[in-house]
Amino acid sequence: MSVTKAKGIVLKYCNMNDNDRLFTLFCPGIGKVSALSKGIRSHKHKDFAALQPFCYSEFVIDTSRGLGYISSAQVLESFYDLRSSVEKMSLASYISDLVSGLADEIMYDDDFFRFTLNTLYVLSKTPDSGSAGFTAELLKLKAIYELKTVCVAGYMPDMNTCFYCQSSKELKYFDVWEGGAVCEDCWDKGTPSELEKLSCGARSMIDFICKADYKSVFKFNASPETVDEVNRIGEIYLINKLEFVSAQLEYFKSIITP
């Protein structure tokens, strides 16, 4: 019997019949794994808690029959506090959706896996106050995850010089197609629909997120206005570069307080 033992995040599942589910797991060093768990739809199943969405668990997977079968699973971190609000659950679902759609080569990056775990942890511990500050924190995490994902995919933007003339002055736009800052003198060299207004604070925030390591990237403060601007730019940039569209993103945007 061929058995794989791995730790990973439960990204999503689909019901196969009245009793079984097919899971998509994100495991460091392995990438995305599809595996079936039989009888898991029963709340009495021994692995029910470990196979809930967003759980970080340890799995034993039997691969001797082609399709992997999960023979056991043990919870390492449930991120239970994600369930304290529909907004946090929705953002976590978008992150899972985004990871599920990534190219396989990105999925083998162990550092990106740990970054995903850290993002879910920070999200789960975000105080659910229902205030404008709560909304800003969620949008900040969304922007961080989107920009870091684009960077790990190979599209780190240059925020310190103009994409067209390499000037470091008057960088007032961001080209969401080319991926870089654009100065006041060169704003008409690109396609107008691909240029986003860029404040000094937003440029600094994007530059910090893209260059910071995976641990310190969460440790900064920004005004709600700057967060909102970076959130908008990061989202458009990711969609352009990764050609990724998510129903989960649209739902999150529909429920988040402006």
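Modeller: In this predicted model, 47% of the 258 residues of the protein chain count as buried.

Biologist: What makes a residue such as Phe112 count as buried?

Modeller: Buried means under 20% relative accessible area. Phe112 has a relative accessible area of 0%, and Tyr145 has 1%, so both values fall under the 20% limit. Phe115 is buried as well.

Biologist: How do you know that the size of the protein chain agrees with that of a compact globule?

Modeller: For 258 residues, a compact globule would have a radius of gyration near 18 Å, and the protein chain has 20 Å, which agrees. Along its principal axes, the C-alpha trace spans about 65 × 40 × 30 Å. The chain has seven helices and eight strands.

Biologist: Why is the pair of Phe112 and Tyr145 called tilted?

Modeller: Rings pair if their centres lie within 6.5 Å, and planes under 30 degrees apart count as stacked, over 60 as edge-to-face and the rest as tilted. The centres of Phe112 and Tyr145 are 5.8 Å apart and their planes stand at 45°, so the pair is tilted.

Biologist: What does this pair tie together?

Modeller: Phe112 belongs to helix α3 and Tyr145 to helix α4 (residues 132–152), so the pair ties together parts that are 33 residues apart in sequence.

Biologist: What makes you say that the charged end of Lys140 sits over the ring of Phe220?

Modeller: The distance limit is 6 Å from the ring centre, and the charge must also be within 35 degrees of the ring normal. The charged end of Lys140 sits over the ring of Phe220 at 4.4 Å from its centre. Likewise, that of Lys241 sits over the ring of Trp177, 5.6 Å from the centre.

Biologist: Where is His45 found, and what lies 3.1 Å from a polar atom of its side chain?

Modeller: His45 is in the loop between β3 (31–37) and β4 (56–62). The backbone oxygen of Lys38 lies 3.1 Å from a polar atom of the His45 side chain, and the limit for a polar contact is 3.5 Å.

Methods. Residues are numbered from 1 along each chain as its sequence is written. This is a predicted model: local features need pLDDT of at least 70, side-chain atom pairs count only at pLDDT 80 or more; totals for chains, interfaces and linings use all residues. Side-chain values use heavy atoms; hydrogens and water are left out. Buried means under 20% relative accessible area, exposed over 50%, partly exposed in between (1.4 Å probe, protein chains only). Rings of Phe, Tyr and Trp (its six-membered ring) pair if their centres lie within 6.5 Å; planes under 30 degrees apart count as stacked, over 60 as edge-to-face and the rest as tilted. Helices (H or I, at least four residues) and strands (E, at least two) are DSSP runs, numbered from the N terminus. A polar contact is a pair of N or O atoms within 3.5 Å; within protein, one must be able to donate a hydrogen and the other to accept it, and residues adjacent in sequence count only if both atoms are side-chain atoms. The radius of gyration is taken over C-alpha atoms; the globule rule is 2.2 Å times the number of residues to the power 0.38.
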